[in-house]
Amino acid sequence: MKLSDIYKIGELAISYEVFPPKDDESGEKLSKLYSELEMLKKYNPSLVSVTYGAGGSNRNLSLDIISYIYDTLQISVMPHFTCICSKKEDIETYLKEIEKYNIENILALRGDEPKDITVCYRDFRYANELVDFIKTNTDLSIAVAGYPEGHIDAPDLDTDILNLKRKICAGGEVIFTQMCFNNDKFFNYLEKINKIGINVPVAFGVLPILSYKQFEKMMSMASVSIPKKLLNGLERYKENSDDVKKLGIDFATEQCQALIDSKLVSGLHFYTLNKSYSTSRILDNLGY
Ligand code: FAD
């Protein structure tokens, strides 16, 4: 199903993000990922998205996962795709390849320049240029990334939102947001994007916190604010992984319930980190 159909229905769409496991010669992590997805299937997700290593580092594994989700689990799928440092011809070839898998959707991203790269092509500088290219050359439904608190490189939120508009004008149909722990900041973002004429559906990025270490690592890579209540809880429980997990579930449940009640959000997109437990508990709590 295309993004335009998934997000047109008027019901809140549940979706998950997964990533291709690294260092998995035995295939053990891949089998584990498939069984976690089996468990999450019972909540009737509208979509599963699969991340992409900037520069195409895990391309083949991503395609295996994509075809498993689509053919075996029979869930709509959305590969992520980055353009940074890539040549136009390579991007063209990959897009042709994914269309062979009957894929209908794509999350078009710029990506971040890999640290170890020797040659970085500048055929595409920003995601809006990739959106334009995909729109012109394929029939794919296109999603783009949004940052409720602004992208880390952007001088301010308003400038970042103007750049978001470029992606929507180029053909972006749905916005998937970066994780956000502050609903007020998200509502402020929605108001701002509506004001400049962005009216496409927005899927809110939910990160169920799984461990203190993982949380610290993810926070160092993004400009995301942490509400005091959450921060205090994490500091209190950081030595006990079960308590941290429970705090993450309770916090995300409360946050999602308030988003659902607001009726302002079109989707909840769970950053599952390839694990089903916390996402399942949150969806149970929400009555799914
Ligand atoms: P852009 O929209 O191009 O924005 C990047 C920066 O440039 C912003 O600061 C923006 O304000 C500015 N900008 C944009 N357009 C212009 C313009 N025309 N002129 C001047 N400035 C401009 N990364 C991966 O490597 N793999 C993934 O699978 C992946 N999945 C993601 C999924 C989601 C939902 C999100 C939110 C992010 C994901 N990322 C992924 C991270 C993403 O690649 C980085 O955040 C990257 O730095 C920005 O990508 P973008 O598509 O948002 O870039």
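Modeller: Happy to. Keep in mind that this is a predicted model. To begin with the interior, buried residues make up 53% of the 288 residues in the protein.

Colleague: Thanks! How many helices and strands does the protein have?

Modeller: Both kinds of secondary structure are present in the protein. The count comes to eleven helices and eight strands.

Colleague: And what is the radius of gyration of the protein, next to what the globule rule gives?

Modeller: The C-alpha atoms fill a box of roughly 50 × 50 × 40 Å along the principal axes. For 288 residues the globule rule gives 19 Å, and the protein comes close to that, so it is as compact as a globular protein of that length. Its own radius of gyration is 18 Å.

Colleague: Among contacts between residues at least 6 apart in sequence, what share joins residues at least 24 apart?

Modeller: Here a contact means heavy atoms within 4.5 Å. Of the contacts you describe, the share joining residues at least 24 apart is 80%.

Colleague: Let's turn to the ligand. Which residues come nearest to it?

Modeller: There are 25 residues around the ligand. By class, this shell has eleven nonpolar, eight polar and six charged residues. Those that come nearest are Y52, D112, Y147, D160 and K167.

Colleague: How far is an oxygen atom of the ligand from an N or O atom in the side chain of D112?

Modeller: A polar contact is a pair of N or O atoms within 3.5 Å, so that is the cut-off to hold the distances against. A polar side-chain atom of N128 lies 3.3 Å from a nitrogen atom of the ligand. The side chain of Y147 has an N or O atom 2.7 Å from a ligand oxygen. For D112, the distance to a ligand oxygen is 2.5 Å.

Colleague: How much of the ligand's accessible area does the protein cover?

Modeller: On its own, the ligand has 980 Å² of accessible area.

Colleague: Which element gives the largest share of the shell around the ligand?

Modeller: Several elements give two or more residues to the shell: β3, β4, α5, α6 and β6. The largest share is four residues, and it comes from α6.

Colleague: Back to Y147: is it buried or exposed?

Modeller: Y147 sits in the loop between β5 and α6. Leaving out residues up to four places away in sequence, Y147 touches L157, D160, Q178 and Y189. Buried means under 20% relative accessible area. Y147 has 18%, so it counts as buried.

Colleague: What about T279, buried or exposed?

Modeller: T279 lies in helix α11, residues 277–285. Beyond its neighbours within four places in sequence, T279 is in contact with Y16, L40, P208, F270 and T272. Its relative accessibility is 1%, so T279 counts as buried.

Colleague: I also noticed Q74. What is its phi?

Modeller: Q74 lies in the loop between α3 and β3. This residue is exposed, with a relative accessible area of 65%. Although Q74 is not a glycine, its phi is positive, at about 55°.

Colleague: Last one: where is N102 found?

Modeller: N102 is not a glycine either, and it has a positive phi of about 60°. With a relative accessible area of 47%, N102 is partly exposed. Its place is the loop between α4 and β4.

Terms used:
Residues numbered from 1 in each chain as written. Predicted model: local features only at pLDDT ≥ 70, side-chain atom pairs only at ≥ 80, totals over all residues. Heavy atoms only, no water. Near = heavy atom within 4 Å. Polar contact = N/O pair within 3.5 Å; in protein donor to acceptor, adjacent residues only side chain to side chain. Areas by Shrake-Rupley, 256 points an atom, 1.4 Å probe, with all protein chains shown as cover. Nonpolar A, V, L, I, M, F, W, Y, C, P; charged D, E, K, R; others polar. Rg over C-alpha atoms; globule rule 2.2 N^0.38 Å. Buried < 20%, exposed > 50% of the residue type's maximum accessible area, 1.4 Å probe, protein only.
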